[in-house]
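Please look over the sequence and the 3D structure shown here.

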Amino acid sequence: DWTAFPTMKCNSIKQFCEMGVVQVGSRFIVDGWWITCIDIDGDKYYFSYDEVPVCAAHKDIEKILKDIYTTGKVGNIKVMPKELRDEVEYLFVPSEYQVFDENKYGVKETGVKHFEYFKRGDISRVKGYRGKEIDSWRQGETLPWWLSTVYSGSSTGCCNVSYAGNAGDHGASNTSIGVPVCFEIKVTKK
């Protein structure tokens, strides 16, 4: 179930990238999930799901992304079809600098690029919840989501994006923060 660029038929995000029609801000629907191109760096295209499939403690992010990469699921929730997983170089959670162009709360990052899509302001950073309903969040509500950056000067804090789209921090053990799904596709341009 692939939908993108209504006038063009294609069944692969990578094919669209290779054709040169993907721009920062281009959006796709893959198995009912909206996915947005957040940056292009030469032959590397970076994408982010507009919704988060699960909330978890920061320490669980690596396992969740590994499960998505290998099975396409988080628990019973289908997140990424095999066809897309076959195109993906890797899954990741962005850093504070990649999202905000500064390290307001986190340890200073060097050699990291600010993703173009997030230069558009707070609204571009807002994500909805699409996981199993929990006490903290219901389907479609905006929620905070984790960043990979550790909170500066803290042994227990990590950075996040607030439900309003601005920088924040929480204790790493907080299980009501969303785990974003971002990925890179590398292409050979024709």
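## Val179 and its contacts

Apart from its neighbours within four places in sequence, Val179 is in contact with Val52, Pro53, Val54, Ala56, Ile61, Ile64 and Trp146. Contact here means heavy atoms within 4.5 Å. Val179 is found in the loop between strand E13 (167-171) and strand E14 (182-186). Helices (H or I, at least four residues) and strands (E, at least two) are DSSP runs, numbered from the N terminus.

Val179 counts as buried because its relative accessibility is 1%. Buried means under 20% relative accessible area, exposed means over 50%, and partly exposed lies in between (1.4 Å probe, protein chains only). Pro144 is 35 residues from Val179 along the chain, and the C-alpha atoms of the two are separated by 9.0 Å.

## Basis of the model

This is a predicted model, in which local features need pLDDT of at least 70 and side-chain atom pairs count only at pLDDT 80 or more, while totals for chains, interfaces and linings use all residues. Residues are numbered from 1 along each chain as its sequence is written, and side-chain values use heavy atoms, with hydrogens and water left out.

## Asn174 in the loop between E13 and E14

Asn174 is placed in the loop between E13 and E14. Its relative accessible area is 22%, so Asn174 is partly exposed. Leaving aside neighbours within four places in sequence, Asn174 is in contact with Ala56, Ala57 and Trp146. Cys55 is 119 residues from Asn174 in sequence, and the two are 9.0 Å apart in space, C-alpha to C-alpha.

## The chain as a whole

The chain holds four helices and 14 strands. Of its 190 residues, 48% are buried. Among the contacts in the chain with a separation of 6 or more, 58% come from residues 24 or more positions apart.

Strand E2 (residues 27-30) and strand E3 (residues 33-41) run antiparallel and are joined by four bridges. Two strands pair if DSSP finds at least two bridges between them. Across from Arg27 stands Thr36 in E3, and Ile29 stands opposite Trp34 in E3. In a regular strand the side chains alternate between the two faces of the sheet. In E2, Phe28 and Val30 form the covered face, whereas Arg27 and Ile29 form the uncovered one.

The pairing continues from E3 to strand E4 (residues 44-49), in the antiparallel sense, over six bridges. Here Asp39 stands opposite Tyr46 in E4.

## Turns and positive phi

Which residue takes a positive phi in the hairpin of E2 and E3? The residue is Asp31, with a phi near 50°, and the hairpin has two residues between the strands. Asp31 counts as partly exposed because its relative accessibility is 24%. The hairpin of E3 and E4 also has two residues between the strands, and there Gly42 takes a positive phi near 65°.

Asp101 has a phi near 65°, a positive value in a residue other than glycine. Asp101 lies in the loop between helix H4 (96-100) and E9. With a relative accessible area of 38%, Asp101 is therefore partly exposed.

## The open sheet of E5, E9 and E10

Three strands form an open sheet in the order E5-E9-E10, with mixed pairing. Its edge strands are strand E5 (51-52) and strand E10 (142-143), each of which pairs on one side only. E5 and strand E9 (residues 127-129) run parallel and are joined by two bridges. Glu51 has Gly128 in E9 as its bridge partner.

## The largest pocket

The largest pocket contains about 150 Å³ of space. On a 1 Å grid over the protein atoms alone, a pocket is an open set of points where a 1.4 Å probe fits, with protein on both sides within 12 Å along at least five of seven lines; lining residues have an atom within 4 Å of a point. Grid points are joined across faces, edges and corners, and a volume is the space filled by probe spheres set on the points.

Residues lining the largest pocket include Arg27, Thr36, Asp50, Tyr117 and Lys127. The lining divides into five nonpolar, three polar and three charged residues. Ala, Val, Leu, Ile, Met, Phe, Trp, Tyr, Cys and Pro count as nonpolar, Asp, Glu, Lys and Arg as charged, and the others, Gly among them, as polar.
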